[in-house]
Amino acid sequence: MQSIFLILVLQLIYVPFLTLRTILLVKNVTFLAAIFGMLEMLVYVFGLSLVFSGKQSMLAMVFYAIGFGLGIFLGAKIERKLAIGYVYTTINTQNKNEELVKFLRNEGFAVTIYIGEGRDSNRYKYEILTKRNRETELFQIVEHYEPNAFIISYEPKSFKGGFLLDRMKTKHK
């Protein structure tokens with residue numbers, strides 16, 4: 001029974017490593033991804049050897065699968081906490097909100113404003129690139145100043161140039 005518990009624990013370690021390795025590869029952080037990959041394989045091989053070496057093979061396989069499923073939840077939770085990378089956020093409002101723009105800029109967000117034609121009137125579009133770990137903060141600020149704003153964010157794969165990167169490095173490490 002002790003090996004069954006160990007199999008479950010190993011899966012709760014293995015699957016979050018797998019999740020983080022995959023995300024790091026997508027974000028092009030290859031050195032750290034390689035380290036996670038090595039650790040992942042050590043845990044994987046050890047866990048799998050426990051599954052196939054015991055008398056309780058069927059029960060071990062069931063716990064292996066349960067651990068895998070629980071590990072997915074744990075890995076996703078860890079990834080959300082780490083929030084690696086950047087988000088590109090677009091905010092659309094009916095009126096230009098100088099107070100919102102001033103507050104965002106004072107908080108270290110770089111804001112670019114465009115005026116566009118909506119169906120019934122002009123619309124104001126704010127573009128913001130920020131670290132992903134500040135996305136929730138950004139949404140809360142916008143919600144406070146513009147509760148009816150339309151907000152959408154994307155994760156850019158790559159970008160180059162501009163003063164924003166140096167500003168983000170110095171203001172919010």
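Analyst: In the protein chain, confidence is highest in H5, at a mean of 95, and lowest in helix H6 (residues 164–171), at 56. The score used here is pLDDT, the predictor's confidence in each residue, from 0 to 100. The protein chain averages a pLDDT of 86, and 88% of the residues score at least 70. This is a predicted model, in which local features need pLDDT of at least 70 and side-chain atom pairs count only at pLDDT 80 or more, while totals for chains, interfaces and linings use all residues. Residues are numbered from 1 along each chain as its sequence is written, and side-chain values use heavy atoms, with hydrogens and water left out.

Helices (H or I, at least four residues) and strands (E, at least two) are DSSP runs, numbered from the N terminus. Two packed helices are described by the angle between their axes and the distance between the axes. Axes are lines fitted to C-alpha atoms, for helices over the stretch in contact, and angles run from 0 to 180 degrees between N-to-C directions.

Consider H5 (residues 135–145) with its partner, helix H4 (residues 98–106): they pack at an angle of about 155°, with axes 10 Å apart. H4 is therefore roughly antiparallel to H5; angles under 35 degrees count as roughly parallel, over 145 as roughly antiparallel, 65 to 115 as roughly perpendicular and the rest as oblique. The contact (heavy atoms within 4.5 Å) involves Glu-99, Leu-100, Phe-103 and Leu-104 of H4, and Leu-138, Ile-141, Val-142 and Tyr-145 of H5. Of these residues, seven are nonpolar, none is polar and one is charged. Here Ala, Val, Leu, Ile, Met, Phe, Trp, Tyr, Cys and Pro count as nonpolar, Asp, Glu, Lys and Arg as charged, and the others, Gly among them, as polar.

The next pair is H1 and H2, whose axes come within 8 Å and cross at roughly 155°. These two helices are therefore roughly antiparallel to each other. Their contact has 20 nonpolar, three polar and two charged residues.

H1 also meets helix H3 (residues 57–82), with axes that come within 6 Å and cross at roughly 40°. H1 and H3 are therefore oblique to each other. By class, 21 nonpolar, five polar and one charged residues make up this contact.

Finally, a search of the whole structure finds three aromatic pairs. One of them joins Phe-17 and Phe-36 edge-to-face, 5.4 Å centre to centre with 80° between the planes. Phe-17 lies in helix H1 (residues 2–26) and Phe-36 in helix H2 (residues 30–53), so the pair ties together parts that are 19 residues apart in sequence. Rings of Phe, Tyr and Trp (its six-membered ring) pair if their centres lie within 6.5 Å; planes under 30 degrees apart count as stacked, over 60 as edge-to-face and the rest as tilted.
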